[in-house]
Amino acid sequence: MAIVEVKVPQLSESVAEATLLQWKKQPGEAVAIDEILIEIETDKVVLEVPAPAAGVLAAHVVAGGGTVVSDQVIATIDTEAKAGAVAAPAAAAPAAAAPAAAPATASAAGVAMPAAAKMMADNGLTAVPGTGKDGRITKGDVIHALEAKPAAAVAAPVPVAAAPAVAKPLPAVAAPVSTKLSDRPEQRVPMSRLRARVAERLLQSQATNAILTTFNEVNMAPVMEMRKKFQEKFEKEHGVKLGFMSFFVKAAVAALKKYPVLNASVDGNDIVYHGYFDIGIAVGSPRGLVVPIIRNADQLSFAEIEKTIASFGQKAKDGKLSIEELSGGTFSISNGGTFGSMLSTPIINPPQSAILGVHATKDRAVVENGQIVIRPINYLAMSYDHRIIDGREAVLGLVTMKEALEDPARLLFDI
C-alpha cells in the first residue's frame with residue numbers, strides 16, 4: 001500500500017484558515033491525477049484541491065464543512081488500490097449490524113442536508129429521493145415526500161436525540177425556502193466565509209471612517225454616441241465589446257490625478273498618498289461581493305480595461321479569482337446600475353478613502369440654455385472619508401468625472 005496525502009494549498013499570509021465545502025469523491029472511489037477532490041473557501045476566494053496522484057481515495061481526514069489551515073492533511077489516496085477495495089469504517093462491522101449502522105437519513109441517492117435530516121428525523125422518514133447536488137436530499141425533497149405520503153402512513157416522530165450525527169457542509173448558495181412548509185417559513189443557513197468577511201469589512205468601514213457622500217448628475221449622451229460610433233470597429237479590432245465601465249474608470253483616474261487625496265489612505269495618524277492607480281471594480285458573484293483590482297489603470301487603454309473587466313466577470317462567475325487579484329486597490333467603483341439601481345450611497349472599501357457609485361442611465365427632463373430637453377442622465381455618488389478628504393476635494397473630484405464623461409474626448413488627450 002502506497003499512501004499519498006492530500007493537503008490544503010498554501011494560503012496567503014492574510015488568510016488564517018479556510019472551510020472545506022463538499023467532497024466530490026468518497027472513500028473507495030477511483031481518482032485521477034489532478035482531478036478536483038474538493039473546494040476550499042477562504043474569506044476572499046474559493047480554491048480547488050486536485051488529486052496529487054492517481055489511485056483510490058482512502059479516507060477523508062477532515063469532513064466537508066470542517067475548518068482547515070495551510071498544509072493540513074485533509075485526505076489520503078492509496079496509489080496501489082483498486083476502486084471499491086478501500087472499505088469504509090462501517091463495512092468492517094458484522095453483516096447483522098449493518099442495518100443499525102446505516103444512517104437513518106441516508107438514501108440510495110446520497111446524504112441528507114442538515115435541515116432535511118432534522119425534518120426526516122422529526123417525521124420518521126428513512127428514505128427520500130434526493131434531487132440536490134450529488135444526489136443529496138434537500139429540505140424541498142422532504143417537503144415533497146411528506147405531501148405525497150398520506151398522513152396516516154407517517155410514523156411516529158423519532159426523538160431528535162436518536163438521529164445520527166450528520167456532517168454539515170457549507171452550501172455554496174443558500175437553498176430557496178419553500179413556501180409549502182407553512183405560512184411563515186424560515187431557514188437558517190450559516191454565512192460563507194466570504195459573506196462573513198464582507199460583513200466584517202463593511203462594519204469596519206462604517207465604524208472607522210467618517211463617511212459622507214456627494215452626488216452629481218452626468219449627461220451620458222456624448223459617451224453613448226461615441227460608443228455607438230466606434231462599437232463595431234472596436235470589437236472587431238480588439239475582440240471585446242466597448243462598455244461603459246472603461247469610461248468610468250478613465251474618468252475616475254482623471255479625477256484622482258487632479259485630486260490625489262481621493263487616491264490616498266489612512267495609516268494611523270499618517271495619510272499615505274499612492275503614486276499609482278489601482279482601481280477596484282465591485283463584482284457580484286454566486287458566493288457574494290468581490291472587488292478585483294485593475295492594476296495601473298492609468299497606463300491601460302480602453303481595450304485593456306475592457307478585457308480586464310470581462311476577465312474578472314468570468315472568473316468571479318467560475319470562482320477562479322486569485323487572492324492577488326483581490327488584494328490592494330486605491331479607489332473603487334461600484335456599478336449598481338447593472339441591476340437597475342437609481343441612487344445609492346456606497347460604502348468605502350477599507351483601507352481606501354473613497355468609492356464611486358454608478359447607477360442606471362435613464363432619460364430625464366433637464367434644463368439646457370433655458371429649454372427643457374430630454375437627456376440620458378446617470379446619477380453619480382461618491383462616498384469619501386471626511387477625516388482626510390474635505391468637501392471641496394470630494395465635490396470637485398466628482399465634477400471632474402462629470403466633465404470627463406460629458407466630453408469624453410478629454411480622456412483621449414488627458415485634459
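Analyst: The cover over the buried residues of helix H5 includes strand S9 (211-219), helix H6 (245-258), helix H7 (302-318), strand S19 (371-385) and helix H9 (391-406). The residues of H5 that are buried are Ala-221, Val-223, Gln-231 and Phe-234. Here, buried means under 20% relative accessible area, exposed means over 50%, and partly exposed lies in between, with a 1.4 Å probe and protein chains only. Helices (H or I, at least four residues) and strands (E, at least two) are DSSP runs, numbered from the N terminus.

The model is predicted: local features need pLDDT of at least 70 and side-chain atom pairs count only at pLDDT 80 or more, while totals for chains, interfaces and linings use all residues. Residues are numbered from 1 along each chain as its sequence is written, and side-chain values use heavy atoms, with hydrogens and water left out.

H5 itself comprises 18 residues (221-238) and spans 24 Å from its first C-alpha to its last, close to the expected 26 Å at 1.5 Å a residue. The expected span is 1.5 Å times one less than the number of residues in the helix. H5 also has a kink of about 55°, centred on Phe-230. The bend at a residue is the angle between axes fitted to the seven residues ending there and the seven starting there. Just after H5, Gly-239 adopts a positive phi of about 75°.

Two packed helices are described by the angle between their axes and the distance between the axes. For H6 and H7 the angle is about 115° and the axes are 9 Å apart. On the H6 side, the contact is made by Met-245, Ser-246, Phe-247, Val-249 and Lys-250, and on the H7 side by Phe-302, Ile-305, Glu-306 and Ile-309. Contact means heavy atoms within 4.5 Å. Axes are lines fitted to C-alpha atoms, for helices over the stretch in contact, and angles run from 0 to 180 degrees between N-to-C directions. The crossing of H6 and H7 is right-handed. A crossing is left-handed if the near helix is turned anticlockwise from the far one by less than a right angle, and right-handed if clockwise.

Most residues other than glycine have a negative phi, and most peptide bonds are trans. Asn-369, in the loop between strand S18 (362-368) and S19, has a positive phi near 55°. Asn-369 is exposed, with a relative accessible area of 80%. Asp-34 likewise has a positive phi, near 70°, and lies in the loop between strand S3 (30-31) and strand S4 (36-41). Asp-34 counts as exposed, at 55% relative accessibility. A cis peptide bond, with omega about 10°, joins Pro-350 and Pro-351, and Pro-351 is in the loop between strand S16 (331-335) and strand S17 (354-358).

Strands S1, S8, S6 and S3 form an open, antiparallel sheet of 4 strands in the order S1-S8-S6-S3. Strand S1 (3-7) and S3 are at the edges with a single partner strand each, so one side of each has no neighbour in the sheet. Two strands pair if DSSP finds at least two bridges between them. S1 and S8 share 5 bridges, and Lys-7 has Val-73 in S8 as its bridge partner. S6 and S8 are joined by 4 bridges, with Ala-59 opposite Thr-76 in S8. Strand S8 (73-78) is mostly covered, 5 of its 6 residues being buried.

A further open sheet, also of 4 antiparallel strands, runs in the order S5-S4-S2-S7. Its edge strands are S5 (46-50) and S7 (67-68), each pairing on one side only. Strand S2 (18-20) is joined to S7 by 2 bridges, and Thr-19 stands opposite Thr-67 in S7.

Over the whole protein chain there are 10 helices and 19 strands. Of its 415 residues, 41% are buried. Among contacts between residues at least 6 apart in sequence, 63% join residues at least 24 apart.
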